[in-house]
Each structure stands twice: as C-alpha cells, then as structure tokens.
Amino acid sequence: MSYYVRKAAFYLAALWAAVTLNFVIPRLLPGNPVDILMAKLQQRGGTVDPAARKAYETLLGTGGGGSVFQEYVAYLGNLLRGDLGVSVSAFPAKVSEVIADSLPWTVVLVGLSTLLSFLLGVGLGAVVGWKRGTWLDALVPATTVLSAVPYFWLALILISLLSSGLGWFPLTGGYDVVLDPGWSGEFIGSAIYHGILPALTIVISSIGGWLLGMRNMMVSAMSEDYVLTARAKGLTDRRIMIRYTARNAVLPSVAGFAISLGFVVSGSLVTELVFSYPGIGSKLLQAVQNNDYALMQGIFLVITIAVLGANLVVDLLYGLIDARTRDRSTVS
Amino acid sequence: MTTLAVRGLTKTYHRIRAVDDVSFTLTAGRTVALVGESGSGKSTIARMIAHLVRPTAGEIVLTGPDGEPVPRRAYRDHVQMIFQDPFASLNPFHTVEHHLARPLRLHGRSRDEVPHLLERVSLTPDFARRRPHELSGGQRQRVAIARALAPGAKVIIADEPVSMLDVSIRMGVLKLLGRLQREEHLAVLYITHDLATARHFSDEVLVMHRGRIVERGASDDVLTRPQDPYTRRLAAATPDPASRFSRGGLS
Amino acid sequence: MRPKLAAGLGLAGLIVLFGLIGPLLTGDPATIRDIGLTPPSGEHLLGTTLTGQDVLAQLASATRGSLWIGALVAVMATVLSGIFGIVGAYAGGAVDEVFSLFSNVMLVIPGLPLVIVITAFVPPDERGTWNIALVLAITGWAASARVLRAQTLSLRNRDYVAAARVSGEKTWRVIGVEILPNLLPVLASQFVFTVVLAILSEAGLSFLGLGAANSSTLGTMFYYAQNGFALQREAWWWFVPPGMVIALFGGALALINFGIDEIINPRLRDRPRRKRDVVAVEAEIAPVEPDAVLTVRNLNVVYQSSPPVHAVKNVSLTLRRGEILGLAGESGCGKTTLAYAINRLHRPPAEVTSGSVTFDDVDVLALEPEELREFRWVRLSMVFQGAMNSLNPVTPIRAQLQDALRTHRPSMSAPDRELRCAEMLRLVGVDPARLGAYPHELSGGMRQRVMIAMALLLDPQVMIMDEPTTALDVLVQREILNEIKRLRDELQFAVVFITHDLPLLLELSDRIAVMRDGEVVEYATAEDVYLRPEHPYTRQLLASFPSLTGDRGALIR
C-alpha cells in the first residue's frame, strides 16, 4: 500500500473514532443533558415540541425509544448533512451557524501563529544547534521555561504589561466594535491590530518546543557521516548547515507536528477566552458555561476535523521531503 | 551422544525464501562451519536452531546422550547460542554475575558455579561484579561464551563470534572455543563469512548462497579445491597475500 | 551528577517542599478578612485577594493541589502508556498494530477540547479530583506510548533480549528484568513530561471552571482571580504568583529532562567550542622528497579531554605520486584521527599540537579557513567507511555530486556539470541513469562506488579511504578493490588506504604503515612487511589472519 493511501486511511479511522467518541461520551457519563437542554430551551422561549427533544436525543442519548444503533445511524446522517442541532446559548441560531461565524477567526489566528512559531522555532533551533557553545545556548532554557507557562497566564501578563500598562494594544476583542465586519481595509486593519497580542501569546508559548527539538536534532545530525563528507568536500558552511544538517534535522519536527499541534490548539482555545476573542474557543467556553451541549459537541468535532486535516497536510508534505517514507512498507 | 539434525529447514519472509530446504547434522566433538555472505540466510538458520524464529517448514531434531529425542521444554538445556556483537548481547544494566547466574538457575544449577564458569573462559572470579561497559570486547565475548556453557549445553551455535572483535584478539577467542569444544566434547555450528577461519576451525564446511547450501564437505577439500562456481568466486575474492609474494624467509 | 539535572532536581524539590510544608506554615487559605486586594506587605507577603484571603497561603495549598493532580495523572498515564507502548511493541504483530493505531488516533485528537467535552457532561458535584485526574490521564498518555513503543521496538531486537530468551527466561521476566531497566531513563523523562502537562491541563480546566469540585489548585486561583477582575483592577500579585510557580516547576522539570536526555544521548552534552584546531604550526616546512605529494612530519594530535589522550604520536609518513599507502591498525590506534588531521577534519576536543602536513607546496596546517575549504576535495578527497551514512539520505545523488562542482567550479555550466557527473558514474561502473536515485535505493556496493565517483570528480592528487570496504561483502569488496587499482593506474592519483584488514593491504598497497597506540611501529614496503616484519606487533597481526591457501591446522588445532 502506498504511503499516501495509508495516511489517508489512518486519518479516516481517526475521524471515525472522534465522531464515535462524540456520540458515546454523553451516553456513558452520568447526568441527563437532554433534560437540562430542554429546560434551557424553554427559558429562551424555544419550542419544546417532541421533534426538538428527539433531535437532542439523537445527539446525546438518554431515554428515547429507538435502539442505540438507530440513533447512531441517525446521528451520522445528521452529521453528513451538516446538521449539528440548535444552540441554546445563541438561540435560535443553529450550531452550524455559530461555528461558521467564529471558525474563520480561530483558523486565521491559530493557523498563522502556529506557522510563524514553527518557522521561527525551527529556524532559531537550527542556528542555535549549529552554533553550539556560543551565547546562543542560553536561548534553550529560556524558551523552554516559556513553553511550560500556561498560555492564558502569559496572555494575562502580556495584557497587563502591553495593554493596561503601556497602552500599545487593545485590551480585548477581535476588532473595533464600532466597525462593521466586512472586507473593508479599516476593518481588516483593526482585526490585525487586535490579533497581534493573542498571536504573540501563542508564538511565545509554543516556540520553545520547536526550538529545543530542532536544536537537539541539529546537534545529532552534525555528527552524522554525511555532514563529515560535506565538510571534506569543502562545501561552504552555509550549504552544509542548510542542505545537509538542517534538511535532515527538520524531519522529526515535521513528523512530530501532530503531537505539538494538539497542544497549541488546546492552549489557544483558553487564550481566546482571556482576550474575549470572537473565535471558536470563546464559543466553546460559552457553550460550557451555558450547558449548551449541542454547540459544545459541534465545536469539538470541528476542531478535531481541523486538526486532523492540518496533520494530514503535514504528513503528505513529509512524504515529499523524505523519499524514504514513500518506499517504506510498514505502518509508522 | 548428543546430535542435532536439521532436515529440510525452510524460512519464508514475505514470499522470499531466506532459507531454502537446508539439511545437516551436528554431532558431539565436531565443528561444522556455515559460510556465506550477509543475507545468505545463515543467521536465520542460527535463530531457528536457537528457537528464536519459527521455521516455515522442516524439522530440528535433538537427540540426547541416551539416544532418545529431547522434549521441547528441555531443548534449551542442550542448545545454546553465542551472538555476533558482544556489545549488544550483554545487557548494559546488569552485572556479569547476573548474566551467568540466571541461566545457571534456570537450568537447575547453583549460582556458586559462576567463578568456575569464569575460569573456564580464562577470566578471574572478580569479573563477576563488573558491568559490560567495564569490559573489553574480547572479555565480553568470553562472558557470552560462559553464558552459553552455563546450562551445560552440548550444542553451541556460534553466530559470527569474532567478527566484531579486534583482529589481534580474534584468534584468542577462537582458540578458546576450540579448546572448550575438545574438552567438553561439544557440537559446534560455527557461522562466519570468513573462509580462512572456517577452514582452520572446522571439520566440515557448508557454503550458503541465497538460502541454499551450494557446496558441502570436509573443510580442506571445499575451501582449497572448491567445485561450485560460487564457492570458487568466494575463495578467489578473499584477500590472500601469499598469492602476491612467494614465501621466502618465513618458514 | 550532571549540573542541569542537579539544578532541575533542586528547584523541583524546593517547589514540592513548598507544596508539602507551606500549607502548614501559612495558615488557613480560606480565612476572609476585610482588607480586600491589599498589595504585598510585611503582614501579607503576597498581598490579599478580593475577599482578603492571604495569597501566599492560597498559593501554598494550591501548589499542593496541583502537584497532587500532576502526580496522580502521571502515574495513571505512565501505566497506560506502558501497557500500550511497551507491551504492544514487545508482543509485535497484530497486537502491536492495533495498540499503535489506537495510540496514534488518541494522539491526533486534540486533548483539551476532548477533556472539556467529557468534564462538561459530568455534573459538577461528581467532578472529584480522581475523576478529573482519570480524564486527564486517559487523554494524555498517547504521546508517551509512542515514545516508549519506539524505544521498546529497538530494545526488543537487541541481542541481549534474544540471549535471555535462549537462556529460557519467561516473557514477563524478559520484559521486566531485561527490557524495563533500560527503559528507565525514557520512562522517567516521559513521567516528568506528563506531570507538567497534567498541571498545565488542570490549570486550564480549572480556569474555565471545569476543575474538580472543592479543590484548590493553581488553576482555581486563576479562576477566582479572573472572576474577581484581578487584571482590570491591576492586582498583579493575585495572578502572577501561581503562574510563576507553574513556570518554575515546568522549568525545573525541563532541566531534569535535559539532564536525562544528555544521559541517553551523550552527543547533547555541553561542549565548549574551541576556536583553533591547530595549536602550533611549524615555522619552516620540512624538506620534502622530490616525488612526494603528501608529507606528514612529526604530527601529534591530542584529545584535550581530562585526562588528555595523545591519539597520534610523532607520526611521519610520505606519500609518493600514484602510490597506494596502506595504514593498518586496530580500533583506537589513531589511524582515523590521523587521516582526519591530515585534512584538518578533526573536531574539538581534538587538536593538532605539533608537526606539519605538506601537500606539494601547500602547508596544510597554516591554511586560513577559506583557503582550507578551497583546498579540500580539489587536491585531496576522502571516502569514508559505510557509504550507508556518508550520503545525505534526503537528496538524490545527483545533487550531492553536483554540489562539489558547484562549489569548486562555479563557472561550470549546468549541462557540463551533468555530463561530468554522468562520466564519473560510468567510470566507476554505475549506470548514469541512477543519478536521480536516492541513497536508500542503491545497494551498499553501489553507494560506495558513487562515493568513489564523487571523490574523483575534481581530479584530486590524493584520495584518503577510511575502511571503504569494511561494511561490504567479500565479493563486492573484491570488485571495489579491483576498481580502485584500475582507476589508480588510469588516473595516477595516490591513495591512503586505512583498514584493520592486513591481508587486504598486503595485496593492495605499495607501502604499509602499521599503527599502534598512536605510533607508527612499522613502515616498509608491503613485501617487507609480509616477509620480513620487524616489530613484534606486526608479527602478531600477521598471525591473526590464518591463510586460506597455506598449511592448515598449525594455528588452532
């Protein structure tokens, strides 16, 4: 089986597992989410007809007449149609609408800052590893401590220093609320201005992991025979560092992207809360605080799909940059 | 007399025959050399005889000193193995004592025999306390030989026992093996890629190529007058300074 | 002990001590006073909260709570990762496939969102510390399992595991006594990693109000600080200290992990960088024989470790044009160090302390870095042991052949470069169509041929070959040796051929130097070394190689 087919199959399996977990969790745990939801719905003036109840039961189980298997099939059917139910916290909006409104904010913020952090971390790590034994070594413990700091705490510190203290950045929000969201230059500028601090939080917290990993791999790669050969060939230091050492050292960082991405996304979600950023993280917390189970599950699924998708892209990229994986027959 | 008979031994990996219908017999007091290049299947044979790898087909029959077949659970009392790399075959975490006491106890013998075992391989008893990283390659391989002797085994599979050692100590380890073989009347399977030591160290030679035995016979006959074209190429490729210089001054 | 490990253990120990003893000394963290939000003072070292509770007292009990959760999660997650990582990898086959698929799926599903969903479904009054810890463990073991699996896979194929099985050890003993102790550093490092991760995750969870009911952790401190608008009220003393504790603890555990990493992988140890590779350069170049291309005089190389190791002692050699000089010796005799020093490829802590290396008219030891770079490969090229690792695994061989031309002959046009590479491959008997191949697509013999082609690209006068055929089978070795002899006759370059295989050198070389403990103990023509060896060590080496054709029996039996 080719590398690409195997990878696609793996992510399909992971997707199925996530979807099924989402179905199983509310059924396994104590409590009666459907009743709580129906009560909430009533408070908000929603219709409490049997159809609404049936829809929540398909999603969350508990009670109901049909078998679990029928519920499962109906649940999968709803998912395929993009029907994730009605949100009670944003009633009468549908879950899919709430997600559609907030997802772009998170994708842009987390996507760009993760990419930036990866590139910066790997780049710095390559230099720190190559120049081992110089003052640059101090960067390693410094950034490692930063990566052990909770994201949201760093966000609090940055706000109190740069926003409250110096007034350089806005305290919270994703854009200036007097503006109408749209593709106007003014709005985009405001969105970028508001995004700098959250992005800085994510970059500072996550860069240490990339830097340390890359630095360690650089050090290992530097004692490989092919680097020795490159030196014996009289190649320039720059070429040896980039084409020979870093080119090989970066492979584990790319392969380990999956593990790191999960951490970054988790941290970013809580960061959004601190900044009251209009992304999916804030919505998830809103859902949690309001027992909006439908929204919560919808967001979990969307985040998982986004992370799986990003990992699939990275894995396909890995196949491109390391020819050996394409020829290997075993599952990694 | 203990004998180990291998009949029609075959091992298939992913439809490739690593070992293909190999038969031979090891008898007490004799050394058989199994010669071949890497990938010829010789190590797979060693691992099948050591019960580390299950054969795809064929049988391995062990006959005890009483002439009766040895039951499977007693097999390891009689057949032991020496591995190629003495740096990998000793656990870095454990002392020499552990490496010898465990097989002694597993085969119903007392750990008090450890000093005696060390003596058999020309090491002093104080080696028992040391750990592998404190030993040289030759010392490690001696410990590995002692470990193989610990259960009182009469059949020893030696898989390239000296190829990872420094050249100047190889002869010492081979001579030790030869001495033990004579004194304990062992049946030894000496696996090697080196034709010259195979010739000097064994009674019979089996030449392997791509999983099959292509030539067999008394060592001197096979290696000095090879019949099979592959054996001939192998012999011709082995560096031999004698062919370049006529022996003058040296007797 | 390694300094980083000691510092990390010390710092982590202090924090654990603070969590254990602090709550006993700082009084009741819940006591409410009417002095809300006072800044740090003598009475309240870290100030008070909105309701006048002492922040230091809260910090102490919160530290204890977080450490407890961290330890609980780490123990549970380590057990889980051990089962899925170690047992799966040892069992192999279908069990391993299923276990590893399961771990990988758990790994790619983002952890915190899953934890949030699970805990949100648990009614608040049922969210106990143990339940939270269990959820964090279930969602946090997969990364460790992956690491443990990789490590176990490499350990289970070690010969000592096979040897234990041959001795008749039972499976559980092989795992517990032979494999597990060697996994301890990795297990420790994963445990430490999980503790940090659990404390961070719990802090995030509590910050969202999803923590364990009635618990006091660093996360709940954040939660109350956030809900008490500590940020807006600029009560930094309320939310800074818990973050500092986490950061310091995380930093301490990271230091511990550095320490463990350095134990596992000695390459990562700190090493001061030396500026010079050559300490003293002879002012005058020693007189050179007329037909000599490479002259080494009284060369000394010392590894400046403690104690210093004198690896090459007063070595003098002369390589004549077109000559094959054999350098024989066993591992650790200094032959490779000598070869590297000739081309100044030795790395710190190795230093050339005295002597000279003269190449034609070039004083190699006096070259400036840029001159040295231009000298390498153009005048002197090298072929190393095990072409397996000498070729860059991630680029096709074309790029690796071409970059020597690109660097040393910048004016050469792209088509000419391609032609030259193809010509050299043909010369060593490799089909030029293989230019696009990656190293792993070639056999060992082919790779070594490609290395030789690369070494010939710039028509060097000297080629140093360090054990070029040791990793190869006899038949392939013979082909490569014939190739070297043929190319030498055709192209008239000189060769320094380094190996432990004396018979091979006797057959191949014009002259042979035998090295032992850094010294050249015998230096003569191949014929003299074979027929009239002078040094006892040479005789011992000669006796170590029984002959295939000579008399039999005298050696062993």
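This is a predicted model: local features need pLDDT of at least 70, side-chain atom pairs count only at pLDDT 80 or more; totals for chains, interfaces and linings use all residues.
Which residue of E5(C) does Thr358(C) stand opposite? Thr358(C) faces Asp363(C).

Four strands of chain C form an open sheet. Their order is E2-E1-E4-E5, and the pairing is antiparallel. Strand E2 (309–320) and strand E5 (362–363) of chain C stand at the edges. Each has a single partner strand, so one side of each is left without a neighbour in the sheet. Strands of a sheet pair through backbone hydrogen bonds, either parallel or antiparallel.

At the E5(C) end, strand E4 (residues 350–359) of chain C is the partner. Two bridges join E4(C) to E5(C), and the two run antiparallel. Helix H11 (residues 335–342) of chain C lies across the sheet strands E1 (292–303), E2 and E4 of that chain. The angle between H11(C) and E2(C) is about 65°.

**Where chain C meets chain A**

The contact draws 68 residues from chain C and 69 residues from chain A. On the chain C side, the elements that give two or more residues are helices. They are H3 (93–108), H4 (111–121), H8 (171–207), H10 (236–264), H12 (369–375), H13 (387–390) and H14 (397–408) of chain C. The residues on this side split by class as follows.

| Class, side of chain C that touches chain A | Residues |
|---|---|
| Nonpolar | 43 residues |
| Polar | 15 residues |

**A buried proline in chain A**

Pro33(A) belongs to helix H2 (residues 33–43) of chain A. Is Pro33(A) buried or exposed? It counts as buried, because 24 C-beta neighbours lie inside 10 Å; the cut-off for burial is 20 or more.

**The overall form of chain B**

Chain B has nine helices and nine strands. Its radius of gyration is 19 Å, close to the 18 Å that the globule rule gives for 251 residues. Chain B is therefore as compact as a globular protein of that length. Along the principal axes, the C-alpha atoms of chain B fill a box of roughly 50 × 50 × 35 Å. Buried residues make up 49% of the 251 in chain B. Consider the contacts in chain B between residues at least 6 apart in sequence: 66% of these join residues at least 24 apart.

Methods
Residues are numbered from 1 along each chain as its sequence is written. Chains are lettered from A and ligands numbered from 1 in the order in which they are written. Two strands pair if DSSP finds at least two bridges between them. Two residues are in contact if their C-beta atoms, placed from the backbone, lie within 7 Å. Axes are lines fitted to C-alpha atoms, for helices over the stretch in contact, and angles run from 0 to 180 degrees between N-to-C directions. The radius of gyration is taken over C-alpha atoms; the globule rule is 2.2 Å times the number of residues to the power 0.38. A residue is buried if 20 or more other C-beta atoms lie within 10 Å of its own, exposed if 12 or fewer, and partly exposed in between; C-beta atoms are placed from the backbone. Ala, Val, Leu, Ile, Met, Phe, Trp, Tyr, Cys and Pro count as nonpolar, Asp, Glu, Lys and Arg as charged, and the others, Gly among them, as polar.
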